[in-house]
Amino acid sequence: MLVEEEGRIRAMRAARSLGERTVTELILQHQNPQQLSSNLWAAVRARGCQFLGPAMQEEALKLVLLALEDGSALSRKVLVLFVVQRLEPRFPQASKTSIGHVVQLLYRASCFKVTKRDEDSSLMQLKEEFRTYEALRREHDSQIVQIAMEAGLRIAPDQWSSLLYGDQSHKSHMQSIIDKLQTPASFAQSVQELTIALQRTKHHHHHH
């Protein structure tokens with residue numbers, strides 16, 4: 001009996017995820033990629049975070065790791081300075097503000113253990129489970145996908161791959177992040193958005 005029940009739940013999940021992907025693909029055919037990426041980065045900035053482009057972001061995250069992977073605890077200010085100074089030779093546009101925004105993204109993704117100090121600024125430590133690039137990067141990417149979902153943006157895995165990595169080879173990495181964050185509610189919302197998108201297109205055709 002239980003096995004049947006589990007099988008049914010699994011089948012429903014599979015159907016939902018297939019439905020989710022199909023609906024998402026349909027929504028995506030009705031949006032302009034330039035508009036999409038500017039909406040995404042606006043949503044990220046609205047949360048005091050930033051994405052500096054695939055190469056620079058990767059480098060910045062690796063430097064955060066370099067500073068903290070041994071379990072060190074640093075203040076945000078010291079961490080930001082450390083990253084900026086090492087980024088500057090390759091990326092002269094690196095600034096305390098922009099790197100501060102990258103650190104804020106990791107902070108929002110709950111990657112840090114923060115220790116408050118009385119007279120002094122808090123110390124930040126990387127949680128143990130995020131002390132490898134893969135783990136930190138996955139959490140970072142999940143945070144950006146979550147911000148996009150909260151902003152009502154639907155972005156396909158291949159678009160995510162080119163937005164965050166500048167290539168197409170991270171499609172399945174992005175798909176697995178999206179699948180993990182999907183809920184029945186987000187699926188219902190997608191279906192609703194699709195209906196709206198299709199109505200818009202219909203009206204659009206009538207005017208021509």
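**Briefing: helix packing and buried residues in a predicted model**

Zero disulfides are counted in the protein, a disulfide being a pair of cysteine sulfur atoms within 2.5 Å. The model is predicted, so local features need pLDDT of at least 70 and side-chain atom pairs count only at pLDDT 80 or more, while totals for chains, interfaces and linings use all residues. Residues are numbered from 1 along each chain as its sequence is written, and side-chain values use heavy atoms, with hydrogens and water left out.

**Overall architecture**

- The protein contains nine helices and three strands; helices (H or I, at least four residues) and strands (E, at least two) are DSSP runs, numbered from the N terminus.
- Read from the N terminus, the order of elements is α-α-α-β-α-α-β-β-α-α-α-α.
- Of the contacts in the protein with a separation of 6 or more, 66% join residues 24 or more positions apart; contact means heavy atoms within 4.5 Å.

**Surface and burial**

- Of the 208 residues in the protein, 39% are buried; the classes are buried (under 20% relative accessible area), exposed (over 50%) and partly exposed (in between), with a 1.4 Å probe and protein chains only.
- Cys 49 counts as buried because its relative accessibility is 1%, and Cys 111 counts as buried at 0%.

**Helix 3 and helix 4**

- Two packed helices are described by the angle between their axes and the distance between the axes.
- Helix 3 (residues 54-68) packs against helix 4 (residues 76-87) at an angle of about 130 degrees, and their axes are 9 Å apart; axes are lines fitted to C-alpha atoms, for helices over the stretch in contact, and angles run from 0 to 180 degrees between N-to-C directions.
- Helix 3 and helix 4 are therefore oblique to each other; angles under 35 degrees count as roughly parallel, over 145 as roughly antiparallel, 65 to 115 as roughly perpendicular and the rest as oblique.
- The contact involves residues of helix 3 including Met 56, Leu 63 and Leu 68, and residues of helix 4 including Leu 79, Phe 82 and Leu 87.

**Helix 2 and helix 7**

- Helix 2 (residues 33-46) and helix 7 (residues 157-165) cross at roughly 60 degrees, with axes that come within 12 Å.
- This pair, helix 2 and helix 7, is therefore oblique as well.
- Helix 2 contributes Pro 33, Leu 36, Ser 37, Leu 40 and Trp 41 to the contact, and helix 7 contributes Gln 159, Trp 160, Leu 163 and Leu 164.

- Gln 182 is located in the loop between helix 8 (171-181) and helix 9 (184-207), and it counts as buried because its relative accessibility is 11%.
- Apart from neighbours within four places in sequence, Gln 182 contacts Arg 16, Glu 20 and Met 149.
- Gln 143, in helix 6 (residues 133-150), counts as buried at 7% relative accessibility.
- With residues up to four places away in sequence not counted, Gln 143 touches Leu 105, Arg 108 and Ala 109.
- Ser 190 belongs to helix 9 and counts as buried at 0% relative accessibility.
- Ser 190 and Arg 154 are 36 residues apart along the chain, and their C-alpha atoms are separated by 8.1 Å.
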